[in-house]
Amino acid sequence: MHKVELKEVGLDIGLAFSKHFYKTDYLHYGYWPEGLTVEPANVFEAQENYANFLLKNIPAGVSSILDVGCGSGKFAEKMLDAGYSVDCVSPSPNLTKHVRNRLGDRAEIFENRYEDVRTEKRYDLILCSESFQYLLLEEAIEQTKKFLNKQGYLLICDFFKRDVPGKSPVSGGHRIERFFKYMDEQPFTKLTDIDLTKEAAPSLDIMRDLIQEVIAPTWNIVAYYMRSNYPRFTKMFSFAFRKKKSLRLTVNIFPEVPAVNNLPISKPTAFFFTSKKVEGRFQSYAELSDNSEIKTFTLLRLACSEEN
């Protein structure tokens with residue numbers, strides 16, 4: 001049976017929340033230019049901005065694209081509608097169902113990790129939109145060299161770690177200095193390097209608000225109900241999950257915590273984002289990134305000179 005990873009569950013939940021709360025099928029961050037109010041009603045517009053930004057950065061002459069980590073297939077559909085030939089890599093069985101329903105037979109879908117893809121096909125561009133952070137660097141680049149046509153392109157838009165002081169509220173991502181050092185030894189030439197941290201940061205603020213205003217209160221109510229009515233089960237369940245804490249996600253299911261006004265105070269997980277509280281208010285992600293942030297949300301466009 002397929003072993004379900006935590007990030008896979010998170011993406012499935014993220015898609016359900018996106019559809020219900022934000023009326024969007026995209027699973028990527030938004031691009032928030034000056035003047036676009038940061039509020040849930042504008043999430044879809046911000047995500048469309050992001051998708052259009054990616055489209056504009058596809059080099060002229062590109063015809064075939066491999067979308068690595070295609071999410072729900074929404075952006076792959078947009079590329080198909082724009083006239084590109086697109087195939088997808090979708091390692092999540094549940095998300096793959098959404099991709100197949102959306103794309104039908106318009107694209108071939110590789111249902112495994114990018115590192116495990118086997119095909120004789122070659123592409124003009126490999127796209128990693130918020131998926132590169134999950135890939136093994138060396139194996140991913142070897143696959144990319146194998147699958148690219150001569151003078152093909154690798155387009156990455158994702159989080160990278162920067163070597164500066166401070167703790168990031170977002171987990172994951174390759175160290176950008178190591179990435180560039182490794183790429184210097186590869187047959188790639190960097191064409192574009194755009195820091196999108198400022199434009200992408202508001203998406204995390206939207207997520208923070210959803211957690212604080214919807215998920216956290218709901219979680220507290222469920223925790224209160226379970227501890228009140230099923231104390232033995234709750235204690236066992238909580239203990240089991242605490243033994244399996246993820247390095248990327250601190251799990252605290254129905255925690256044993258003191259009660260205030262006869263209601264338990266739980267500390268629900270903030271999936272992969274936690275705000276700092278400063279001077280009585282929560283800092284925004286953009287403020288954090290301006291101070292002690294160790295992440296940068298970067299678009300990289302590289303050209304491959306290796307002939308396959």
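Trainee: How many helices and strands does the chain have? After that, please zoom in on how helix 2 and helix 3 meet: at what angle do their axes cross?

Mentor: Quick housekeeping first. This is a predicted model, so to speak: local features need pLDDT of at least 70, side-chain atom pairs count only at pLDDT 80 or more, and totals for chains, interfaces and linings use all residues. Residues are numbered from 1 along each chain as its sequence is written, and side-chain values use heavy atoms, with hydrogens and water left out.

The chain has nine helices and twelve strands (DSSP runs numbered from the N terminus: H or I of at least four residues for helices, E of at least two for strands). Of its 308 residues, 48% count as buried, meaning under 20% relative accessible area with a 1.4 Å probe, protein chains only. Take the contacts (heavy atoms within 4.5 Å) with a separation of 6 or more: 67% of them join residues 24 or more positions apart.

On to your helices. Two packed helices are described by the angle between their axes and the distance between those axes. Here, the axes of helix 2 (residues 43-56) and helix 3 (residues 74-81) come within 11 Å and cross at roughly 50°. Those axes are lines fitted to C-alpha atoms over the stretch in contact, with angles running from 0 to 180 degrees between N-to-C directions. Helix 2 and helix 3 are therefore oblique to each other; under 35 degrees would be roughly parallel, over 145 roughly antiparallel, 65 to 115 roughly perpendicular, and the rest is oblique. The crossing is right-handed, i.e. the near helix is turned clockwise from the far one by less than a right angle.

Who does the touching? Helix 2 brings E48, A51, N52, L54 and L55, and helix 3 answers with F75, K78 and M79. That makes five nonpolar residues, one polar and two charged (Ala, Val, Leu, Ile, Met, Phe, Trp, Tyr, Cys and Pro are nonpolar; Asp, Glu, Lys and Arg are charged; the others, Gly among them, are polar).

D158 is buried, at a relative accessible area of 0%. Its side chain makes a polar contact with the side chain of Q133 at 2.8 Å (N or O atoms within 3.5 Å, one able to donate a hydrogen and the other to accept it; sequence neighbours count only if both atoms are side-chain atoms). The D158 side chain also reaches the backbone nitrogen of F132, at 2.8 Å.

Conventions. Buried < 20%, exposed > 50% of the residue type's maximum accessible area, 1.4 Å probe, protein only.
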